[in-house]
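Me: Hey, I've got a structure to go through and I'm new at this. Can you walk me through it?

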Amino acid sequence: MAELLRTHPLEAWRADFERLPGTVGITVEPYVAVVDVRLGTVGAEASAALGVDLPTAPNTWVPTGTGRAVWLGPDEWLLTSTTETPEELEARVRAAVLPLGGSATDVSAQRIGLRLTGARVRDVLAKGCSIDLHPRVFGRGSSAQTTLGQAGVVLLALSDSADDHVVLVRSSFAGYLADWLLDAALEFTSVPLTHDR
Amino acid sequence: MQLIACPWCGPREEVEFSYGGQAHVPYPDSPAELSDEEWAHYVFFRDNPKGRFAERWNHSAGCRRWFNAIRDTTTYRFERVYRLDDPKRGGTELASSRKEGTAP
């Protein structure tokens with residue numbers, strides 16, 4: 001029987017990412033536990049049970065200490081945790097929101113994260129993303145569900161100077177998006193990239 | 001590209017949205033008593049006005065929420081968007097609208 005190896009969807013792109021200059025840096029974020037939360041009304045009760053104030057303003061995210069809470073809709077959030085396993089996170093969040101009429105589903109395998117850092121990152125993203133990423137309107141704490149190239153993504157702003165973003169993309173679109181990002185970053189690089197995948 | 005103002009996410013490009021047809025089509029009061037023809041009218045028959053039209057839209061690439069919009073079918077201009085729980089826009093203001101609770 002063939003041995004099953006767990007490899008990252010972007011394993012084959014790592015070498016190219018490492019060759020990119022610091023102005024358009026791309027790094028693959030480590031796996032994190034992710035839970036999709038549906039909850040009708042957010043109040044003090046939910047905050048106390050979850051240990052985090054879920055953001056109610058559209059298109060925002062807040063740090064939760066060990067992860068992030070991302071607004072996905074008026075009754076939907078994405079909770080991530082770097083310290084818990086997906087099973088632990090799902091069980092904890094489910095226990096917290098179930099009495100309030102909510103639900104929690106483990107979606108850790110759905111998306112992977114790419115960290116984009118550097119002064120030209122906004123120019124790279126602007127090649128395939130129609131929303132305004134100027135730090136005046138898309139500063140730290142902003143998020144957006146939109147399309148980047150042809151892929152649906154969740155964009156998170158990590159800094160107030162538009163030089164630090166996280167792109168959450170569905171695993172099956174990750175290869176496409178990695179190719180797209182490398183192509184978009186091409187004009188800001190001086191080293192030719194390999195295409196031996 | 002045309003921008004559509006999602007009631008939650010704000011103005012986004014048109015490609016992020018999908019169309020949901022005519023809004024405010026009332027479910028029959030007594031569905032069990034409807035004839036096949038009346039069912040067909042409820043399921044398949046929609047207004048096709050020239051002018052202002054109440055429609056359903058879904059922000060499918062963004063927050064994935066349904067909302068309603070008043071759009072002019074001749075100019076493609078969105079006059080207003082509103083959430084599903086907002087009160088219905090007065091039907092008489094629209095170019096054409098189906099009256100609630102009456103058979104077609």
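Reply: The expected span of a helix is 1.5 Å times one less than its number of residues. This is a predicted model, where local features need pLDDT of at least 70, side-chain atom pairs count only at pLDDT 80 or more, and totals for chains, interfaces and linings use all residues. Residues are numbered from 1 along each chain as its sequence is written, while chains are lettered from A and ligands numbered from 1 in the order in which they are written.

Me: OK, so how far does helix α5 of chain A reach from its first C-alpha to its last?

Reply: Helix α5(A), residues 171-184, reaches 20 Å with its 14 residues, close to the 20 Å expected at 1.5 Å a residue.

Me: Which residues in α5(A) are buried?

Reply: Ala174(A), Leu177(A), Ala178(A), Leu181(A), Leu182(A) and Ala184(A) are. Buried means that 20 or more other C-beta atoms, placed from the backbone, lie within 10 Å of the residue's own.

Me: And which residues touch the most other members of the largest nonpolar core?

Reply: Val93(A) and Val167(A) do, in a core of 64 residues. Such a core is a set of buried Ala, Val, Leu, Ile, Met, Phe, Trp, Tyr and Cys residues joined through C-beta atoms within 7 Å. Helix α5(A) gives the most to this core, with six residues.

Me: Why does this core lie between domain 1 and domain 2 of chain A?

Reply: Because domain 1 (11-30 + 110-188) and domain 2 (33-106) of chain A both give residues to it. Those bounds come from an automatic or database domain assignment.

Me: How many residues of the two domains are in contact?

Reply: Nine residues of domain 1 of chain A are in contact with eight of domain 2 of chain A, contact being C-beta atoms, placed from the backbone, within 7 Å. On the domain 1 side, β8(A) gives the most, with three residues.

Me: New topic: what about chain A against chain B?

Reply: There, 10 residues of chain A are in contact with 10 residues of chain B. The largest share of chain A's side, three residues, comes from β8(A).

Me: What's the order of the strands in the open sheet of chain B?

Reply: It's β3-β4-β5-β6, with antiparallel pairing; two strands pair if DSSP finds at least two bridges between them. The edge strands are β3(B) (18-22) and β6(B) (78-83), each pairing on one side only.

Me: How many bridges join β5(B) to β6(B)?

Reply: Five. In β6(B), Phe78(B) is the bridge partner of Arg71(B).

Notes
Helices (H or I, at least four residues) and strands (E, at least two) are DSSP runs, numbered from the N terminus. A residue is buried if 20 or more other C-beta atoms lie within 10 Å of its own, exposed if 12 or fewer, and partly exposed in between; C-beta atoms are placed from the backbone.
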